[in-house]
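I opened the notebook today to look up how the parts of this protein meet, and then to follow one local piece of its fold.

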Amino acid sequence: MNDPRRYVVIGGGLAGLAAAVWLAEAGKQVTLLERRGRLGGRTHALEVAPLRDIADNGQHVIASGYEHLFRYLTSVGTRQYVSFPQRGVLRWPGGRTVTMGTKGFPAVRALFGAHPDATPADRVRAANATVRLGWQCLRQPADLADLTTDQWLRRLGMPETAREALWDWLALGIAAEPVRQESAKVFADVLATGIRLGVKRLRPVTIGYPTTDLDTLFVSGAQRVFDRHGVTVKHRAVARRIRIENGAVTGVELADGAVQPADAVVCAVPNSYIGGLLDDLPEHDEIYSAADKLGYTPIVSTNLYLDRPLGTQAAMEALIGGAGVIDEVFDRQRMHGRGTLNGWLYCLTTSGAYEQIHKPHHAVVDEQMALLRRYYPDAADAKVLHAQVVPMPRATFSQVVGTDGLRPSQRTSVPTLVLAGDWTRTDWSATMESAAQSAARAVDLLLALPAPISAVERVTSSGD
Ligand SMILES: Cc1cc2nc3c(=O)[nH]c(=O)nc-3n(C[C@H](O)[C@H](O)[C@H](O)COP(=O)(O)OP(=O)(O)OC[C@H]3O[C@@H](n4cnc5c(N)ncnc54)[C@H](O)[C@@H]3O)c2cc1C
């Protein structure tokens, strides 16, 4: 059936890309508006100019439970670029390591106390606390939303060794906030999603990574879909206000004064960019206020080119106790199978980087190298050939105590206007899966709209 309606997607990050791809696959006329000169939003490749090398704006990992993200990758033809290693490594100062498996005994050991110094009593306490934690994720105590993850783990009696080796690090990875301010409810909700998916599929949720740069993974394939389906992409098109008249969307006003006509809109911008866009929507005050309260949290990523290998044992290594300087080290040689002509590339991540975000880049690199030398004996004499620091002050919305329940639904009071983006309400924290899931829900809402009168008449008269 021919649908004459004009669908406009605002924002070319993952949520907007997914919405545009799926609307195009459904045969709709789509225009994508993106304020920048490139697509990809917070997930994109970066050229390291002096080396003519391609790195990313920050290492992104992918959970095996990311259903909608995999649907997107299948749509754009890049599903093959994600790998799930059988193991990850936890590393302590001095180079001591523990391998965490995702299956069988190593997986159980990781859950019940991976710390090499854990005593048998610690392991029993960790096992007890872990079972209680799992139960409380599914049957949440009424006050969970008032607790930090730190307070919750204490109340569960999780021993320090298990916290150091697994839980504090996992919590930081899930919500990008230190456990002393992260909302226990956000952490528990994501774990509950993981438990449910694990039970449904009879295998645990594990962590994988892209084996190529983020543009190849997310953007190039989308561009091919757009070319195939005639999607118009407008770069440097800054949306200012979505026009709504008589309860229906009519267009999108742009910063240059132009108006993009629209019969349906997916607004897929982050919470920090929503101000003004929804002024015509009756409930705009409530959404703006939620967007404001959700705020943001910083991540600092560094692409570090060294003159020698660090001596990693796995593609992904967590530096235990290194939080605040580096929480994870990603070995791009192991991940992408890349050569070492430009040196050995390591991508370092600092989540909840409230201190690092204000430091000059050379200070960030010095601090990170000092830490790497403590954790990797092979790094003692390593030289930095090149370093690219990527500070992202608004990396994700914040998931501290008090943010639970704020995230708005994709549905608005105007049926032809839907919201998308990682910050809208989904089963996940601020992740790529949240962006993709929000897009799937937004698109489903638009595809469920009644057909326009003219199309219904055409079908009736042709007897289809
Ligand atoms: C360093 C870093 C590491 C991360 N690591 C992980 C990870 O390991 N795993 C994971 O799952 N997630 C991770 N994330 C989170 C993930 O990247 C985001 O959740 C996801 O990319 C958000 O997608 P989005 O489409 O909702 O928003 P965005 O990617 O921000 O896209 C929004 C787009 O809207 C555009 N826009 C804004 N305002 C307007 C306007 N007025 N008009 C037109 N366009 C506009 C923006 O330019 C942008 O392109 C990480 C994020 C960062 C920054």
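I took the domain bounds from an automatic or database domain assignment. With them I divided the protein chain into domain 1 (6-37 + 235-295 + 400-462), domain 2 (47-62 + 297-396) and domain 3 (103-205), and I noted that the C-alpha centres of domain 1 and domain 3 lie 35 Å apart.

Before going on I wrote down that this is a predicted model, in which local features need pLDDT of at least 70 and side-chain atom pairs count only at pLDDT 80 or more, while totals for chains, interfaces and linings use all residues. I also wrote that residues are numbered from 1 along each chain as its sequence is written, and that side-chain values use heavy atoms, with hydrogens and water left out.

Domain 1 against domain 3. I looked up contacts (heavy atoms within 4.5 Å) and found 7 residues of domain 1 touching 15 residues of domain 3. The two domains bury about 880 Å² between them, with 66% of it on carbon and sulfur atoms; buried area here is the accessible area (1.4 Å probe) that two parts lose on being put together, summed over both. On the domain 1 side I listed 3 nonpolar, 2 polar and 2 charged residues, where Ala, Val, Leu, Ile, Met, Phe, Trp, Tyr, Cys and Pro count as nonpolar, Asp, Glu, Lys and Arg as charged, and the others, Gly among them, as polar. I counted 0 salt bridges between domain 1 and domain 3, taking a salt bridge as a side-chain nitrogen of Lys or Arg within 4 Å of a carboxyl oxygen of Asp or Glu.
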